[in-house]
Amino acid sequence: MLLEIKNLHASIEGKEILRGINLSINEGEIHAIMGPNGSGKSTLSAVLTGNPAYEVTDGEVWFRGKNLLSMSPEDRSREGLFLSFQYPVEIPGVSMVNFMRSAVNEHRKYRQESALSASDFLKLMREKRSIVELDSKLANRSVNEGFSGGEKKKNEIFQMAMLDPKLSILDETDSGLDIDALRIVAQGVNKLRTPQNSTIVITHYQRLLDYIVPDQVHILYKGRIVKTAGRELAIDLEERGYDWIKQEVEE
Amino acid sequence: MMQAEEAYINLYKQHAKSVSKSCSDLLNGKRQAAFEKFQTLGFPKNTHEEYRHCDLREALSIDYGLNINRVKIPINPHDVFSCDVPNLSTKLFFVVNDQFYKNDKPIGLPEGVLCGSLNDLTETHARLLEPYYTRLSEKSSDGMVSFNTTFAQDGFVLYVPAGVALEKPIQLIQVLHGTVDMMANRRLLIIVEEGAKAQFLVCDHALSSRYFFSNQVTEIFVGKNASLEYYDLEMDQPNITRVSNTLVSQAASSQLLINGVTLQNGLSRNNINLCFEGEGATASLSGMALGNGNELIDNHIFVDHAVPRCNSQELYKYVLDDCAKGVFGGRILVQKGAQKTFAYQSNKNLCFTKEARMFAKPQLEIYADDVKCSHGTATGQMDEKALFYMRSRGISESEARLLLKFAFTADVLDNIRLEPLKDRMRMLVEKRFRGELAKCAGCSATNCK
């Protein structure tokens, strides 16, 4: 098993957001997590990647047989966890090239591999950039600075391609994307798929799931997974909304 | 009167003859008036608003020696330093403490250019330099300036005659060296005449573990349509106190760039006092201070828009770690009638610890009604969101902090127009943040003794 979440509770500023999440993901699987606003979807991604703003109050998470919650955010990344941010951060003054070179080489160091030569690194950049059709000019700019919404999301998938993670969490990667950008981003994700790596797609809408087809769909509501089914559940939700789920839960 | 002043006043009274003995008439002719002024002003005190956060008392309580009798310092700076800024081919000169280091080699500069010892050149070219020497310093109300004029025995002159453009940058390396605690009163005079062009780089280093007080006055005259780039790099040690007064006059349509970097220091007070005396001139002033340990860096910048249609831009950044203290005082005065003035000032600071302190005081005084002026200052901590974003990509916390610190200072370095110097500075700043900066690494560090 790649990821196993057991009874995960987490809070921010004393307010409990996750109230006992249980989820298991095997290698090669795609899981969609859906749910109404404020149900805890983004909190789950933040907690898994070690955002210090959140406090884990109970439960455990095992990633590739290791205790994920005891690791620093950087070690989680080096172990193969990747988050495509809902709101990618702009970092003025840090160029994409330097940012990626640091990240790639720290990953290599962790695996006890030597740093990439400048030319090998640039070759890798070129190769991965083409997966999401990221403009070469953007690579020379500061990280996300002045990028459009679509470019920021493409840039997330580009970074995912560079770091070759075992488990990727796509947090609302479809938000703010037009149809063409959505297609490019989704195709990029599909190109990166292997029988070994897995993906968690967090989304509001079924639209993205037309491109990235999930094996399982989970519905998160009030900090718990209240329903799990195949991809037909997403289609159901698109037609009927969340109210019937809420009703079921309240009953 | 404080004891510190009294000691120096008595010293001058007793040794005035020795101070003047080996000096030019021009230097000597200005001493008495300056001495009287110093007796009135005294050293700057932290009860003065301008020196509120810069207390010189401790530094001035040390019993420094002054090299009044001009004893030669037994050091050949050419042996110690070989500046290794790649591709930066400069004309290199040295000042050891407050003495110009003489060298028999021909300087190979265009005819009419003067470059060398202040004492020698004010002797041989007295008539040429007389209208400039002390013209700006006489107006200063800072006691350190009159103190400098009282005691100054040597320093450096760069004179570029009208219409001459210097091909290579002039580099001056100022070294503090000695086996006892010493005070150095250095004096620099930089004159770029009408339509002339020059690039000037001055680097301050220390080669001694003794206490030093360097009191420097630099008078800069940028003539009509002339252009000067002035780069000032301080990279010395905690045992150094530096007070630097840079006084500038800009004539019509002149262009000036000042870029000052404090990489490593003890206590530094840098005053820049710039006056636009002719219309249509432009000044770009930028600087950065990297402080850790107990370092104190205080930059006070005064820009006087005395005439219309001038443009001044200021960008000052501080990165403060440990118990370091930063001070920025930026005063812009737009005088009555100075219409069509453009004046911008920006001061941004990062404090990394609870103990690091930043004091910023922007001041904008405008007495004209058709001007564009703005100022902004912000002091904060590191961007936690950016830090987490980088860590989530596998970059270690320390490396992420380093990249963010480096990014913060990038735009100050971007103002450097000498490309090889810019590259070199980027490297030095990175080394400094990594804690790998050896003493005097600006030049060949391995040779530093």
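**Group meeting: a walk through a two-chain model**

Let's start with helix α9 of chain A, residues 232-240. Its buried residues are A:Leu233, A:Ala234 and A:Leu237. Those three span an arc of only 100 degrees around the axis, so they sit on the same side of α9(A). Turn to the other side of α9(A), and you find A:Glu232 and A:Glu239 exposed.

One caution before I go on. This is a predicted model.

What covers the buried residues of α9(A)? The cover includes β3 (30-34), α8 (207-211), β11 (216-221) and β12 (224-229), again in chain A. After α9(A) comes A:Gly241. Its phi is positive, near 75 degrees.

A:Gly50 lies in the loop between α1 (41-49) and β4 (55-63) of chain A. Is A:Gly50 buried or exposed? A:Gly50 has 23 C-beta neighbours inside 10 Å, and the cut-off for buried is 20 or more. So A:Gly50 counts as buried. Who are the contacts? Setting aside neighbours within four places in sequence, A:Gly50 touches A:Met71, A:Ser72, A:Pro73 and A:Arg76. Now look at A:Ala139, 89 residues from A:Gly50 along the chain. The C-alpha atoms of A:Gly50 and A:Ala139 are separated by 27 Å.

Now the contact between the chains. Chain A puts in 21 residues, and chain B puts in 17 residues. On the side of chain A that touches chain B, which elements give two or more residues? They are α2 (73-78), β7 (91-95), α3 (96-110) and α6 (149-163) of chain A. The largest share of that side, 5 residues, comes from α3(A). By type, the chain A side divides into 10 nonpolar, 8 polar and 3 charged residues.

Over to chain B, and its strands. Take β17, residues 325-334. It is mostly covered, with 8 of its 10 residues buried. β17(B) pairs with β15 of chain B, residues 296-305, in the parallel sense over 10 bridges. One bridge to pick out: B:Asn299 has B:Phe328 in β17(B) as its partner. β17(B) is also joined to β19 of chain B, residues 357-366, by 10 bridges, and those two run parallel. There, B:Gly330 stands opposite B:Pro362 in β19(B).

Next, an open sheet in chain B. It has 10 strands, in the order β3-β2-β6-β8-β10-β12-β14-β16-β18-β20. The pairing is mixed. Which strands are at the edges? They are β3 (99-100) and β20 (372-380) of chain B, each pairing on one side only.

Zoom in on one pair in that order. β16 of chain B, residues 311-320, and β18 of chain B, residues 342-351, run parallel and are joined by 10 bridges. Look for B:Val319: its bridge partner in β18(B) is B:Leu350.

Last, two helices of chain B. Helix α10, residues 397-414, lies across β14 (282-291), β16 and β18 of chain B. α10 runs at about 160 degrees to β16(B). Helix α11, residues 419-434, packs on the sheet too. α11 touches β8 (197-206), β10 (227-235), β12 (255-264) and β14 of chain B. The direction of α11 makes about 25 degrees with that of β12(B).

That's the tour. Over to you.

How values were computed
Residues are numbered from 1 along each chain as its sequence is written. Chains are lettered from A and ligands numbered from 1 in the order in which they are written. This is a predicted model: local features need pLDDT of at least 70, side-chain atom pairs count only at pLDDT 80 or more; totals for chains, interfaces and linings use all residues. Helices (H or I, at least four residues) and strands (E, at least two) are DSSP runs, numbered from the N terminus. A residue is buried if 20 or more other C-beta atoms lie within 10 Å of its own, exposed if 12 or fewer, and partly exposed in between; C-beta atoms are placed from the backbone. Two residues are in contact if their C-beta atoms, placed from the backbone, lie within 7 Å. The arc is that of the directions from the helix axis to the C-beta atoms. Two strands pair if DSSP finds at least two bridges between them. Ala, Val, Leu, Ile, Met, Phe, Trp, Tyr, Cys and Pro count as nonpolar, Asp, Glu, Lys and Arg as charged, and the others, Gly among them, as polar. Axes are lines fitted to C-alpha atoms, for helices over the stretch in contact, and angles run from 0 to 180 degrees between N-to-C directions.
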